[in-house]
Amino acid sequence: MTITQRRRSFNVLNCTNGFVLILCLSQFLLSLPKVLSSSSIESSHVPESSKKTSSSMDDSSIIGHPIPRPSWFKGNIPIDLDTRNFDSALRSKSPDTKENYIWLIKFYAPWCGHCLRMEPAYQSLAKQMHSTLKTSKRKVMIASIDGAKERALMSRFNVLGFPKIVLIDGWSVRDYAGTRTASAMKEFCMTTYVDIEPIPFLNSPFGPIGQSRGLLIQAGATVMNTHETIINKWGWSSLLAGAFMCFFGVILALLLIIGIGILTLPKEKHD
């Protein structure tokens, strides 16, 4: 191996190490509220109606498979998705086809009148689609996301108004603009989706722009949640908590700069 080839390999290795270090620090920062808060996530965010419905049905009668259903599956009702379970839910696979489920997702707000009026139709659609998962060729899950709470997901999907309905099939994301009836939405999930062009990957929620938008919003929300956690758990004033976070952020930035500097130091030549 020549000296030039060695330098190139060292540069690639240094860039890779620096990228991994940045990812690790980013994940650490995003998990700060969980680290500072010792209380686990309560199940109170699940509506009582969902608990009763899911507890009154067994796995085989709901999903059609004699295996335990995922924690996010609540039976023949729309699935509640949030930033905690969104990615894991979309990665879930059908036991029959061993392929990822297709997802019809509605972004809504509790105060939205249009969302409230279409809720009965959406509930009916979920019952139809979830009860036929075993026999249907297209395994479609029906889900809802509270856009008023999940700002990161709302920004990632570029939600500008409520309700917004999207169909996710692998990497393809299509906006639904038809009538808000159960029959029309079911037809869109099964057949007429092919008439709608998917969002280009560059602007897609799974593309670089969508991912960056969501990450920025999530980072901002994490900072605010960390600030509130420090105040509530440690009893500090808002000013003192802000000063501590600034100091902590400077230390992390310095460590990041030092780490990248060490990784990118020129290597000694060995002839």
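This is a predicted model: local features need pLDDT of at least 70, side-chain atom pairs count only at pLDDT 80 or more; totals for chains, interfaces and linings use all residues.

Visitor: In what order do the five strands form the open sheet?

Guide: The protein has ten helices and five strands, and the five strands form an open sheet with mixed pairing. Strands β1 (79–80) and β5 (172–176) each have a single partner strand and therefore stand at the edges, with one side of each left without a neighbour in the sheet. The order across the sheet is β1-β3-β2-β4-β5.

Visitor: Which residue in the turn between β4 and β5 has a positive phi?

Guide: Strands β4 and β5 pair in the antiparallel sense over five bridges, and in this pairing Ile168 stands opposite Val173 of β5. The two strands form a hairpin with two residues between them. In that turn, the residue with a positive phi, of about 70°, is Gly170.

Visitor: At about what angle does helix α8 run to β5?

Guide: Two helices can be described by the strands they lie across. Helix α6, residues 113–131, lies across β1, β2, β3 and β4 and runs at about 150° to β3. Helix α8, residues 182–190, lies across β2, β3, β4 and β5, and its angle to β5 is about 155°.

Visitor: Is Phe188 buried or exposed?

Guide: Phe188 has its place in helix α8, and, leaving aside residues up to four places away in sequence, it touches Leu104, Leu167, Arg174, Asp175, Tyr176, Tyr193 and Ile196. From Leu167 it is 21 residues away in sequence, while the two C-alpha atoms are 8.7 Å apart in space. Because buried means under 20% relative accessible area, the 4% of Phe188 makes this residue buried.

Visitor: How many disulfides does the structure hold?

Guide: A disulfide is a covalent bond between the sulfur atoms of two cysteines. Among the cysteines here, Cys112 is buried at a relative accessible area of 5%, whereas Cys246 counts as exposed at 53%. For the structure, the number of disulfides is zero.

Visitor: How many residues apart are Phe157 and Phe206?

Guide: A search of the whole structure finds eleven aromatic pairs. One of them joins Phe157 and Phe206 edge-to-face, at 6.3 Å centre to centre and with 80° between the planes. The pair links distant parts of the chain, with Phe157 in the loop between α7 and β4 and Phe206 in the loop between α8 and α9, and the separation is 49 residues.

Visitor: Why is the pair of Trp171 and Phe201 edge-to-face?

Guide: Both Phe157 and Phe206 are buried. In the pair of Trp171 and Phe201, the ring centres lie 6.0 Å apart and the planes stand at 75°. Since planes over 60 degrees apart count as edge-to-face, the angle of 75° makes this pair edge-to-face.

Visitor: Is Trp171 buried or exposed?

Guide: Trp171 lies in the loop between β4 and β5 and Phe201 in the loop between α8 and α9, 30 residues apart. Phe201 is partly exposed at 46% relative accessible area, whereas Trp171, with 61%, is exposed.

How values were computed. Residues are numbered from 1 along each chain as its sequence is written. Side-chain values use heavy atoms; hydrogens and water are left out. A disulfide is a pair of cysteine sulfur atoms within 2.5 Å. Buried means under 20% relative accessible area, exposed over 50%, partly exposed in between (1.4 Å probe, protein chains only). Two strands pair if DSSP finds at least two bridges between them. Helices (H or I, at least four residues) and strands (E, at least two) are DSSP runs, numbered from the N terminus. Contact means heavy atoms within 4.5 Å. Axes are lines fitted to C-alpha atoms, for helices over the stretch in contact, and angles run from 0 to 180 degrees between N-to-C directions. Rings of Phe, Tyr and Trp (its six-membered ring) pair if their centres lie within 6.5 Å; planes under 30 degrees apart count as stacked, over 60 as edge-to-face and the rest as tilted.
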